[in-house]
Amino acid sequence: NLTEGSVELIDTGSTARGTNMIGDGDFDLLMRVDKTILLNPEKLNALKEALKEALADAEKHDMTSSGDFRYKKVNIPGLDIPVDIDITFAQKTNKTTYSTEMALNERLASIQNDSPEQYALVAANIIMAKKILKAKGIYKKIGSVGASEHGGFGGIGVENWILQNGGSFKKAIDTFLEVANDVESYDEFKKRYPIFDFGFNHREGK
């Protein structure tokens, strides 16, 4: 929809796919706006001010250098726990982008269509992997709350990693260790053990 003045708010995180950890209120959203808003500082500022007002009950809020929102512990009416909300802004165009979340949604949907029982197991493996990695501080990137000095590859990375290994956390660990124990450096490990993201990552821009 390229109607002037229109916006689209898309849930791009694990909350949209049902692969988020229970009680983990972390919503990654993409707000696509048309160029009449994005390229007009006055209109874009008005939109962001309206969002700030709506999310005013946040415990902590930041705006990145690119103008995206990072809000922590937002109290939403009807929810029992506060949630974290990240909003990335992007311009709407007449081109269709096969995004990261679309690729993951399609892979998970194909499993669910073939076998709902298998899908439940895959989702459980993804959630278990996130929970264990988070407890060890190797889930979020370096500098994130609770992350170790090494960091990790985040939710999208974990989901692609598990799916790449047949939906099994155990197999993912086995293949990871098999290569890790057979290389001398991290650079060599990266070449031998790639994790593929088949969609366009809006935040990374590639």
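User: How many salt bridges does the structure hold, and what makes a contact a salt bridge?

Analyst: The structure holds eight salt bridges. The term means a side-chain nitrogen of Lys or Arg within 4 Å of a carboxyl oxygen of Asp or Glu. Side chains of opposite charge can pair when their charged atoms come close. This is a predicted model, in which local features need pLDDT of at least 70, side-chain atom pairs count only at pLDDT 80 or more, and totals for chains, interfaces and linings use all residues. Residues are numbered from 1 along each chain as its sequence is written, and side-chain values use heavy atoms, with hydrogens and water left out.

User: Why is the contact of E49 and K52 called a salt bridge?

Analyst: N and O are 3.4 Å apart. The limit is 4 Å, so the pair of E49 and K52 qualifies. Both residues lie in helix 3 (residues 41-54), three residues apart, about one turn of the helix. Helices here are DSSP runs (H or I, at least four residues), and strands are E runs of at least two, numbered from the N terminus.

User: What links D84 and K72, and where do they lie?

Analyst: A salt bridge does, with the closest N and O atoms 4.0 Å apart. D84 lies in strand 5 and K72 in strand 4 (residues 69-74), so the pair ties together parts 12 residues apart in sequence.

User: Why is the pair of W161 and F169 called edge-to-face?

Analyst: Rings of Phe, Tyr and Trp (its six-membered ring) pair if their centres lie within 6.5 Å; planes under 30 degrees apart are stacked, over 60 edge-to-face, the rest tilted. By this rule there are nine aromatic pairs. In one of them, the ring centres of W161 and F169 are 6.1 Å apart and the planes stand at 80°, so the pair is edge-to-face. W161 is buried at 5% relative accessible area, and F169 is buried at 6%.

User: What makes K48 a charge over the ring of F89?

Analyst: The rule asks for NZ of Lys or CZ of Arg within 6 Å of the ring centre and within 35 degrees of the ring normal. K48 lies over the face of F89, at 4.6 Å from the ring centre.

Note on methods: Buried < 20%, exposed > 50% of the residue type's maximum accessible area, 1.4 Å probe, protein only.
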